[in-house]
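Here are my notes on this entry. Please read them beside the model.

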Amino acid sequence: MNENIILRMNNISKSFPGVKALQKVNFEVKQGEVHALLGENGAGKSTLLKILAGAYTKDEGEIYINGKIIENMDPKTAEELGISIIYQEFSCLPYLSVAENIFLGRQPRKSNGLIDWKKCYEDSKKLLDRVGLKVDPKTLVADLKVAEQQMVEITKALSKNAHIIVMDEPTAPLTQREIDNLFLVIKDLKKQGVSIIYVSHRLVEIKEICNRITVLRDGCYIGETEVASVTVQDMIRMMVGRNLTDMFPRSNAEIGGKMLEVDHLSTADKLKDISFHVRRGEILGIAGLVGAGRTELARAVFGADPISEGTIRMNGEVIKINSPSDAISYRMGLVPEDRKRQGLILRMNVKDNTTLASLKSFIRLGKLNLFEEEKISLTYMNKLKVVTPGIFEKVNNLSGGNQQKVVLSKWLCANCSLLIIDEPTRGIDVGAKVEIYELMNELVRGGLGIIMISSEMPELMGVCDRILVMHEGTITGELMRDKFSEETIMAFAAGQHPETEEDKNVRR
Amino acid sequence: MKINLRKSLICINQQKLIAIFLVFMFLGFTLAKPEFASSYSINNILCTMALYGIASLGMTLVILTGGTDLSAGSVMALSGVIGAGLLGKAFSAANPVSLPFAATVLIALIFSGLIGYLNGIVITKLKIAPFVATLAMMSIARGLVYVVADSVVQGVSGSPITFMNDGYSLLGQGKIGAVPVQFIVYVILFLIVFVFLKYTRTGRSIYTVGGNIDTAKLAGIKTNKIIVLTYTVSSILVGISGLILVGRLSSASTVAAKGYELDFITAVALGGTSVAGGRGSVIGTLLGTAFLAVLNNGLDIVNVKSFYQYLIKGLILVFAVCADLFMNKRVKKS
C-alpha cells in the first residue's frame, strides 16, 4: 500500500458553550486505505468530521492535506481539496434523474451556457461504471433501491474528484448481499487510490473492511492501531474504556406463570397459525430473517394490524384487541423498530413523550395536572438515567440510546406489564446498548414480561431466556437458553427444520 | 402479472391522462354543440389559454420550489391599473402623466416584479411560510390597486380605468393571421420558461430547492437567491397576464382577477406538478391550462350555469391532487 499520508489532523480542539467536544485529537489517513473512526455517540466523531468538512471551525490544531497546511477550512475549500461526506440520511433528490443528482449544481454546460445533457449522461455513465452500478443515468432516483441510491451518492463524491470519502454508517440500511457489494466497491476505490474514512458501530464489519482504526472517547484521542492487531473485544475496550466481558448481563429474574398466550393467530397477508406464550419475568426473543413476519407479529398482537383468526389471552382471560388503545388498556406496550417515527414525537420534549400514553391518569378535575406530569417524568428520567439537560429538552436533541430510554419511560409510565420491543438497540452505540439490556433485566426482575425482536444474533442469545424463530410468517422453532446456538437458529430461520406437530403441541 | 399491470397503468402518468381527457372533452363538447369547434370558439379558447397560461407558467416556478403564490390575482390587477393608469388617456382621468404604450408595460412589469421580489424577501429573510407571506401580499397588492385606480379616476372610488390605446388593443384583441397575438406571446414565453427550466443551472436549481433545500445548500446552490428570483419572475409573468386582461377589455378594473390564483394553482396541479415541490414541468401546466380553457368555454357553450362550473373545477382539482398522491405511493414502495 502507498504510505503517503494524505490527511493529517494534529491536536484538534473544539469547544461549544459548556462542552469540550474535542481535546487535542490526532487523526491520520493514508492514501488508499480504509480508516475506521471509532467511538461511542458523543465521543466527538461527528465534530471531528464536521471540522474536516469545513462545517465547523476548529479552535486549535492544524489540518494538513498532502503535507500542506490548510488554514481556513470551509465547505467549499473542503470540496476543492477532494473531501466528500456521505451522510447517513442520503441527500439524493428522488424526482431528479441519477445523472442530475450526480452533477447537482455542476451540470456540464455548452459554450452557449445551456446545460449539455448529452455530456451529463455520458459522464454519469462513466462514473457509474467505476462503482459498478448498472442503471440508466436517466432513471429517477425514486425508482432505485436504497443500496443503489447509496452508490449514486458515492458516484457523486467521485464526480467531485474526491480523494477522501467519509462514509457515516454506510451499511445500516443495507441487506447482507448489498453490504458485500458495497465492500467490493470500497476495495476497488482503495485500489484507485481513494481513501475512505469509515464510521460504523458494527465492529465485525470494521474487522472485515478497514486497515486501521482511530478511537475517540469523550472528545479525547485514545489511540490508533492496525485492525489486524486487535480483536473486536479490544476495540470495545478502547471505545468504552472498560472491559465489557459482560456485554450481555443476565437478569436472573424469577420466571413466573404465563401472562400472554397467543393461539393459532393468523393475519390476512402474512402470519399463519402462530401460537406461543410469554411468562412473567421472562425475556422471549423472536429471531428470523428480514421479512419473516416478526414486526408483523408484534403489530398484530398490539392491535396495530387486524387479526383474521386466533385468540389472545392475558393472564388466562381471552381478550379482544382491535386497536393499540385496547392493547394499552391491557397494559401492553410496543417499542417500535423505527424509534424516530413511531416511538417518539421528536419535536416534543422528554416530559411530553414520557406521559404520551398515560395522559388520562394525569387528569384531575377535568384538566391535566402539569405538576404531577413533570414530577413523574423527572422520576423516570432519573430512574432510567436519561442523559439530557432536563425534561423540557426536545427528544430530537437526544442520542439514540437516550431516546430509546424515553420510549421505555413512556411505557413504564403507562404502567405496562408486557413490553414488545422491536430491535431494541438499533443505531445505539455499544455502551448505551449494555445500559438498555440492564434496564430490560431490571424490568423483568420487577415482574414484567418482554418480547424482544432482534436481527442481531449475539444480542438475542445473550439476553433472552427463550427464543422463537420465524420463517415466512410461521414459527419454525423454539429454543430454550441451554440449546441456543447460532447454527440452529439460522437453520430454523431459513426454514430448513420444519417443526413437527408434536413440537407445536409441546409449546401450547 | 398483477404488478406489471399496475406499473404499466401508472406509466400513463398524469400528463398523459390529462391529455387524453382533453381530447375526449373536446370531442364531447363538439358532439353536443357543433359550434364549439367553430373558429370563434377556438379563438376564445386560445385567448383564455394565453391569459391563464402565462400566469400559470409563473405559478409553476413558484410551486416547483415548494411554495405558492396567493397574491397572483391581485398582482394581475395591479399590473393592469398601473399600465392603464399611466397611459393618461383614460376617460375622466386626473393623472398628469401620459406615457407611451411600451413605457407603461415596462413600468407595470417592474412593479409586478417588485411585488414578487418582496414576496421572496419576506419568505427567505423573515422566514414566513409562502402561504402566509403571499396571503398578506394578496391583500396589500389589492389595496394598492384601489389606491392607484382612485388616483387616476377621481370619481366614485373603485371605478375602473377605461381607455383607448392601440398597443393594448393589439395585445388583448389583435390577431396575426388567425392566431391571437396574446397566444403568440404565450407560446414564446412558454418556450423561454421551458428552456430555462431544462437547460440552465438556475432552472435546475429550482427543482433542487423544492426537492430538498438542505441538499441544495450542500450542493452549493444559493437557495435564497433562487427563491427570490423565482417569485420575482413569477410575478412578472403574472403581470403580463394582467396587461393582456386590460387589453382585452380596454379597461382596468379594481376587482379584476379576484381569485384567479386558485385557477393558476389548479392548472399547475392538473399538469402533474407536485404541490409539495421538486417535481413537475411546464408542459404539464400547458396541458392543465388547455384543460381548464376547454372546460370553461365548453361549459359556457352547453349552457352550464356558472355555479356548476365552480363545482366541477373543484372536483377536478381533488382528482388531480389524488393522482399526485397515488404517484408518490409508488415511490415509497420502491
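How many residues does the contact take from chain A and from chain B?

1. The contact takes 20 residues from chain A and 20 residues from chain B, with contact meaning heavy atoms within 4.5 Å. This is a predicted model: local features need pLDDT of at least 70, side-chain atom pairs count only at pLDDT 80 or more, and totals for chains, interfaces and linings use all residues. Residues are numbered from 1 along each chain as its sequence is written, chains are lettered from A in the order in which they are written, and side-chain values use heavy atoms, without hydrogens and water.

2. Chain A and chain B bury about 1800 Å² between them, and 59% of it lies on carbon and sulfur atoms. Buried area is the accessible area (1.4 Å probe) that two parts lose on being put together, summed over both. A:Leu93, A:Tyr95 and A:Trp117 supply 28% of the area that chain A buries against chain B, more than any other three residues.

3. The count between the chains is 1 salt bridge (a side-chain nitrogen of Lys or Arg within 4 Å of a carboxyl oxygen of Asp or Glu). B:Arg204 and A:Glu100 form a salt bridge through their side chains, at 2.4 Å, N to O. By class, the side of chain A that touches chain B has 10 nonpolar, 4 polar and 6 charged residues. Here Ala, Val, Leu, Ile, Met, Phe, Trp, Tyr, Cys and Pro count as nonpolar, Asp, Glu, Lys and Arg as charged, and the others, Gly among them, as polar.
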